[in-house]
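Colleague: I would like to learn how to read a few features of this model. Please take them in turn.

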Amino acid sequence: PPLTLNFLRWALAALLLLAIWRPWRVSHDRDAWKLAVLFGVALAAMNFLFYSSLERIPLGPAVTFEFVGPLAVALFATRTRLDLLWVALAAAGLSWYQTAPKR
């Protein structure tokens, strides 16, 4: 189930980060910890919703929906024409994947 998969993924990631990062060796203020916890909760919610969507819809559309949000942020935050080219290529790849014949 998505909740179990999400929990296992986050538990393993937390253990690996604790082993590599060792947060007890570095002093962080309260605001830094709040931000880290908020970021973790947001990522956990995003992963849970993505895994839940895989129970209901096929993988292709689920990944497309997941990718459209960051693609929109990239489009609205762009500063150069080259950025627009990369956004256009990514959008073309998404539309090609959705229309490509399935084997």
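Colleague: Does Asn6 count as buried or exposed, and at what relative accessibility?

Modeller: First, the ground rules. This is a predicted model, in which local features need pLDDT of at least 70 and side-chain atom pairs count only at pLDDT 80 or more, while totals for chains, interfaces and linings use all residues. Residues are numbered from 1 along each chain as its sequence is written, and side-chain values use heavy atoms, with hydrogens and water left out. Buried means under 20% relative accessible area, exposed over 50%, and partly exposed in between, with a 1.4 Å probe and protein chains only. Asn6 has a relative accessibility of 7%, so Asn6 counts as buried.

Colleague: Where does Asn6 lie, and which residues is Asn6 in contact with, leaving aside neighbours within four places in sequence?

Modeller: Asn6 lies in helix α1, residues 2–21. Helices are DSSP runs (H or I, at least four residues), numbered from the N terminus. Contact means heavy atoms within 4.5 Å. With its neighbours within four places in sequence left aside, Asn6 touches Ala44, Asn47, Phe48 and Tyr51.

Colleague: What are the accessibility classes of Ala32 and Val37?

Modeller: Ala32, in helix α2, has a relative accessible area of 33% and is therefore partly exposed. Val37, also found in α2, is at 51% and so counts as exposed. The C-alpha atom of Val37 is separated by 12 Å from that of Ala14, 23 residues apart along the chain.

Colleague: How do α2 and α3 pack?

Modeller: Two packed helices are described by the angle between their axes and the distance between the axes. Axes are lines fitted to C-alpha atoms, for helices over the stretch in contact, and angles run from 0 to 180 degrees between N-to-C directions. Helix α2 (residues 30–56) and helix α3 (residues 59–76) pack at about 155 degrees, with axes 9 Å apart. The two helices are therefore roughly antiparallel (angles over 145 degrees). From α2, Met46, Phe50, Ser53 and Leu54 make the contact, and from α3, Leu59, Ala62, Val63 and Glu66.

Colleague: How many salt bridges are there, and where?

Modeller: Side chains of opposite charge can pair when their charged atoms come close. A salt bridge is a side-chain nitrogen of Lys or Arg within 4 Å of a carboxyl oxygen of Asp or Glu. The count here is 1. Glu55 pairs with Arg56 in a salt bridge, with the closest N and O atoms 3.6 Å apart. Both Glu55 and Arg56 are exposed.

Definitions and conventions
Parallel < 35°, antiparallel > 145°, perpendicular 65-115°, else oblique.
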